[in-house]
Amino acid sequence: LTQYSRELWGRRHFIVEFSRANNAVGYSRSFLGQAWQVLTPLLNAAIYFLIFGVLLQTRRGVDNFIAFLVIGIFIFTFTQSSMLLGARAISSNLGLTRVLHFPRAVLPVASTMVALQQLLISMVVMIPIVLATGEPLALRWLRLVPAIALQTLFCVGLALIMARIGAKIPDPSQILPFILRTWL
């Protein structure tokens, strides 16, 4: 391992606590609080079901369209949050970076951990929806663990890239939501 990666690994406890604190603070000013972590992807899935499932009837070839849609929306919300939070990770924590000496990569990694915590909380709703739509509980569900681990690594990479860009140019955090909607 390089010196930088050892130093980053040495800050893993800080990453966990920093992401936990940011996750708690993120919804503290809203009436429903952390319920928005579940409601946002759920409402997005309902809107996309209305548009694509009901109005446009694009269920072609998908056996369980509702489960397909809900899983896709929830996982994409994780990716989207990682990129958006990563783009603002350094610029929104300038005071912290000026006062403390630590690897700057801690901030986008912590922002991905915030998004991962939100995904894990929202899975409490996602899994019952998938089961209620007719998907049987099977051993193949164990593939969920490595799939989420790989997606998390992908999101860490995206957050690191976006943090690098966002630290130099503040505009990506403004245009990024439009790019991500197009990607979805």
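**Figure 1. Helix H3, its length and its bend.** With 20 residues at 1.5 Å a residue, H3 should span 28 Å, and its end C-alpha atoms lie 26 Å apart, which agrees. Please keep in mind that this is a predicted model. H3 bends by about 30° at Phe 49. Look along H3 for its buried residues, which include Gln 37, Val 38, Pro 41, Ala 45 and Gly 53. Just after the helix, Gln 57 adopts a positive phi of about 50°.

Figure 2. How many helices and strands does the protein have? The secondary structure comes to 8 helices and 0 strands, and from the N terminus on the elements run α-α-α-α-α-α-α-α. Taken along the principal axes, the C-alpha atoms fill a box of roughly 55 × 35 × 30 Å. Of the 184 residues in the protein, 36% are buried.

Figure 3. A search of the whole structure finds 3 aromatic pairs. For one of them, Phe 14 with Phe 18, the ring centres are 5.4 Å apart and the planes meet at 20°, so the pair is stacked; the angle falls under the 30 degrees that stacking requires. Both residues belong to H2 (residues 12–26), where they sit 4 residues apart, about one turn of the helix. An α-helix has 3.6 residues a turn, so residues three or four places apart point the same way. The cut-off for buried is under 20%.

**Figure 4. An aromatic pair between helices H3 and H4.** Phe 49 and Phe 65 form a tilted aromatic pair, at 6.2 Å centre to centre and with 40° between the planes. This pair links distant parts of the chain: Phe 49 is in H3 (residues 36–55) and Phe 65 is in H4 (residues 65–89), 16 residues apart. Phe 49 counts as partly exposed at 23% relative accessibility, while Phe 65 is buried, with a relative accessible area of 8%. Phe 49 is also the residue at which H3 bends by about 30°.

**Figure 5. How H3 and H4 pack.** Two packed helices are described by the angle between their axes and the distance between the axes. For H3 and H4, the angle is about 135° and the axes are 9 Å apart. These two helices are therefore oblique to each other, as an angle has to be over 145 degrees to count as roughly antiparallel. H3 passes H4 in a right-handed crossing.

**Figure 6. Along H4, and its packing with H8.** How are H4 and H8 oriented, roughly parallel or roughly antiparallel? H4 packs with H8 (residues 172–183) at an angle of about 160°, and their axes are 10 Å apart. That makes H4 roughly antiparallel to H8, the cut-off being over 145 degrees. H4 passes H8 in a right-handed crossing.

Figure 7. Where is the kink in H6 centred? The kink, of about 40°, is centred on Met 123. H6 is followed by Gly 134, which has a positive phi near 110°. H6 also packs with H3, at an angle of about 55° and with 8 Å between the axes. H3 and H6 are therefore oblique to each other, and their crossing is right-handed.

**Figure 8. Phe 154 in helix H7.** Phe 154 is found in H7 (residues 144–168). With a relative accessible area of 41%, Phe 154 is partly exposed; the cut-off for exposed is over 50%. To relate this view to another part of the chain, find Leu 8: Phe 154 and Leu 8 are 146 residues apart in sequence and 18 Å apart in space, C-alpha to C-alpha.

Notes: Residues numbered from 1 in each chain as written. Predicted model: local features only at pLDDT ≥ 70, side-chain atom pairs only at ≥ 80, totals over all residues. Heavy atoms only, no water. Bend = angle between axes of the 7 residues up to and from the residue. Phe/Tyr/Trp six-rings, centres within 6.5 Å; stacked < 30°, edge-to-face > 60°. Buried < 20%, exposed > 50% of the residue type's maximum accessible area, 1.4 Å probe, protein only. Axes fitted to C-alpha atoms, helices over the stretch in contact; angles between N-to-C directions. Parallel < 35°, antiparallel > 145°, perpendicular 65-115°, else oblique. Left-handed = near helix turned anticlockwise from the far one by under 90°. Expected span 1.5 Å × (residues − 1).
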